[in-house]
Amino acid sequence: MVNFIIASHGEFAAGIRQSGQMIFGEQENVQVVTFMPNEGPEDLMKKYDDALATFEPEGQVLFLVDLWGGSPFNAATRIQAQHEDRMAIVSGLNLPMLVEAYGARFSMETAAEIAHYLVPVAKEGVKSIPETEEATPATEATSSDEAAPAVAAGDINEVKHSGERQIDVRLARIDSRLLHGQVATAWTKSVQPNRIIVVSDGVAKDELRKTLLVQAAPVGVKVNVVPIQKLVDVWDDPRFASVKALLLFETPQDVAAAVKGGVKLDKVNIGSMSHSEGKRMVTNAVAVDDEDVKTLEYLRDQGITFDVRKVPSDQSKDIFDLLK
């Protein structure tokens with residue numbers, strides 16, 4: 001695994017590491033180096049030496065630094081120049097870069113390989129609202145509630161039923177926040193969908209929420225927002241056999257409605273269920289009331305198992321063990 005050193009002027013590096021952990025979970029082999037106002041170049045070099053000493057000798061090291069030409073960058077280049085075969089540097093650190101770097105460690109083995117991958121990713125993370133004329137197609141996925149999950153609106157006039165599950169569900173998740181950083185980065189990297197399908201009657205009728213969810217699409221993955229019945233309609237349509245889906249539901253009740261309609265699920269991840277009056281917390285992210293428990297018991301009786309995790313690196317827990 002490639003080791004990371006996050007370096008910055010001031011406490012920025014420590015803060016962005018914390019932000020990255022909120023999205024991607026705890027990470028091993030990541031050190032922070034902060035260059036403070038009362039410190040000089042030699043202080044900075046010692047901090048780098050101390051950070052490097054925590055890694056395995058001769059391991060791959062990627063420096064993620066805040067500013068090209070700044071002191072943290074300059075000190076890192078002095079070190080990298082002596083170890084060009086196993087060290088690399090990327091400047092202009094931002095949060096999209098960091099979470100993509102965490103994901104890249106699953107498939108890339110060298111610091112240089114990850115460095116080359118991260119530069120366009122960091123640029124892609126810089127966007128504006130309203131969009132500029134040069135906006136990329138990544139945000140153009142359809143959000144129409146009339147659109148089928150894998151085919152553009154208007155491509156389907158009549159649903160074809162096969163009686164067999166066609167959509168490859170990489171993850172079915174209950175998350176009151178639906179599509180957000182943990183889903184768009186950590187889970188997308190983990191399960192590799194080609195389509196994120198938000199399944200919600202309420203959101204499908206809300207044009208603003210639909211638009212915002214589509215705009216949150218990770219690079220290379222399309223997003224659809226559909227009512228529950230639309231998922232039921234296309235579930236066994238053979239024209240959707242190529243869909244590798246990450247399904248997002250707001251509530252257990254929405255999952256139960258889909259299952260009652262014929263959608264076949266084996267396992268459901270519970271990421272977050274927001275707290276409201278009358279609900280009790282079972283984890284710091286999951287709150288339930290009696291109706292939720294009854295619904296979860298119904299789904300269990302249909303053969304569905306549960307996996308309570310905010311991010312893939314969390315330890316999996318069973319909701320019914322927590323309810324005890």
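This report looks at a strand, a helix residue and the nonpolar cores of a predicted model.

## Ground rules

Because the model is predicted, local features need pLDDT of at least 70 and side-chain atom pairs count only at pLDDT 80 or more, while totals for chains, interfaces and linings use all residues. Residues are numbered from 1 along each chain as its sequence is written, and side-chain values use heavy atoms, with hydrogens and water left out.

Let's start with strand 9, residues 267-272. Strands (E, at least two residues) and helices (H or I, at least four) are DSSP runs numbered from the N terminus. Five of the six residues in strand 9 are buried, so the rest of the structure largely encloses it. Buried here means under 20% relative accessible area, with a 1.4 Å probe and protein chains only.

Strands pair if DSSP finds at least two bridges between them. Strand 9 runs parallel to strand 5 (residues 168-175), joined by three bridges, and is also parallel to strand 12 (residues 305-308), over four bridges. Asn269 is the bridge partner of Arg173 and also has Asp307 as its partner in strand 12.

## Nonpolar cores

A nonpolar core is a set of buried Ala, Val, Leu, Ile, Met, Phe, Trp, Tyr and Cys residues joined through side-chain atoms within 4.5 Å. The largest has 35 residues, of which Leu247, Leu265, Ile270 and Phe306 touch the most other members. A second, separate core of 27 residues includes Ile16, Phe24, Leu98 and Ala115.

## A buried helix residue

Thr188 sits in helix 6 (residues 181-191) and counts as buried because its relative accessibility is 9%. Beyond neighbours within four places in sequence, its contacts (heavy atoms within 4.5 Å) include Pro193, Ile196 and Leu246.

How values were computed. Buried means under 20% relative accessible area, exposed over 50%, partly exposed in between (1.4 Å probe, protein chains only).
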